[in-house]
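Please keep the sequence and the model in view while going through them.

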Amino acid sequence: MQINLTGKVAVVTGAGRGIGKGIARALADAHAGVIVNDVDLKAAEVGARGIEAQGGKALPVKADVRKGDEIGRMVETAVKDLGGIHIWVNNAGIVLRKPAEEIAEEEWDKLIDINLKGTFLCAQAAAKAMIKGGKGGRIINISSIMGGVALPPRAAYCASKGGIIALTKDLAAEWAKHGITVNGIAPGWTLTEMTQYYFSQEPVRQFLLERIPLNRLGKPEDIAHMAVFLASEYSDYITGQTIYVDGGWTIL
Ligand code: NAD
């Protein structure tokens, strides 16, 4: 199975570091042109430069996924400078680890705005461009194991990621008639800047390793490989699904 995305253009949100960076790199390795989005322009630029250094095609774009006008400008850039939008990966996200009774309203709103509203606004903008392009497309939403199971204290995060799983199903049903598939990936514990500090605490690390059937933490590449598959023709008959890439965490 050789995946070749030559001629396709992908947008990956929150791709300046971590899982998004890995996904952007893997899509570029499969020969897609990639918009490396992040709210942090410097991070987006570093990510894009890394891809170009490997011979790939990438463009950094600063945009906040909570803001419709900034997403709109990113869509215009993708269409004007790279020739369209065929693949869109909603990866940008934040986490909040705090007892539910202590979460402030602003903290709840901020997390839901980035993780859930941001995913919706981006998917909507992507679908509009894909419908206009007339050739269908692929939307991939990054959820989490915590969209399906709890690991307290993360009420807002779990709610946002569970929401993404439900949203993925609805959008898949609505946009199937346009040849757009909408799928999700639910990563398990993956080593990134987001999780570095948490995993570096030895008791936490030991607990996780003992609890993960495959006995290791995930790498951004583990998630990226699934994203490339879902972006490719090999997943043509899959839509509305969220695939757990978690070393077996959710089977216990
Ligand atoms: P990370 O914090 O390392 O990277 C997230 C990136 O998103 C950062 O570069 C950040 O600047 C960007 N970002 C944040 N808010 C943004 C906004 N409003 N607009 C645009 N970009 C924004 O995180 P990560 O660990 O790579 O996680 C990526 C995704 O995977 C998140 O949605 C996260 O919830 C999910 N996830 C991660 C893990 C894990 O163990 N790392 C597990 C399950 C799910």
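This is a predicted model: local features need pLDDT of at least 70, side-chain atom pairs count only at pLDDT 80 or more; totals for chains, interfaces and linings use all residues.

1. The loop between α8 and β7 contains E233; helices (H or I, at least four residues) and strands (E, at least two) are DSSP runs, numbered from the N terminus. E233 counts as exposed because its relative accessibility is 55%, where buried means under 20% relative accessible area, exposed over 50%, and partly exposed in between (1.4 Å probe, protein chains only). Although E233 and I3 are 230 residues apart in sequence, their C-alpha atoms are 8.0 Å apart in space.

2. Residues are numbered from 1 along each chain as its sequence is written, and side-chain values use heavy atoms, with hydrogens and water left out.

3. S235 also has its place in the loop between α8 and β7. Is S235 buried or exposed? With 0% relative accessibility, S235 counts as buried. Apart from neighbours within four places in sequence, S235 is in contact (heavy atoms within 4.5 Å) with R138, F229 and L230. Between S235 and T181 there are 9.0 Å, C-alpha to C-alpha, and the two are 54 residues apart in sequence.

4. The strands deserve attention next. Seven of them form an open sheet with parallel pairing, in the order β3-β2-β1-β4-β5-β6-β7; two strands pair if DSSP finds at least two bridges between them. β3 (57–62) and β7 (242–245) are at the edges with a single partner strand each, so one side of each has no neighbour in the sheet. On average, neighbouring strands of this sheet are turned by 20° against each other, direction ignored. β1 (residues 9–12) and β2 (residues 33–38) are paired over four bridges in the parallel sense, and A10 has V34 in β2 as its bridge partner.

5. Helices lie across this sheet. Helix α1 (residues 18–29) lies across β1, β2, β4 (87–90), β5 (137–142) and β6 (180–187), at about 175° to β1. Helix α5 (residues 155–175) lies across β5, β6 and β7, at about 165° to β6. Axes here are lines fitted to C-alpha atoms, for helices over the stretch in contact, and angles run from 0 to 180 degrees between N-to-C directions.

6. The interior may be described through its nonpolar cores, each a set of buried Ala, Val, Leu, Ile, Met, Phe, Trp, Tyr and Cys residues joined through side-chain atoms within 4.5 Å. The largest core has 31 residues, of which V12, I23, L27, V36, V89 and I185 touch the most other members. Its largest share, seven residues, comes from α8. A second, separate core of 30 residues includes I85, W88, A127 and V182. Beyond its neighbours within four places in sequence, L27 has contacts that include L5, V89 and V228.

7. Some backbone details remain. The peptide bond from P152 to P153 is cis, with omega near 5°, and P153 is in the loop between β5 and α5. H31, in the loop between α1 and β2, has a phi near 80°, a positive value in a residue other than glycine. N215 is not a glycine either, yet has a positive phi of about 60°.
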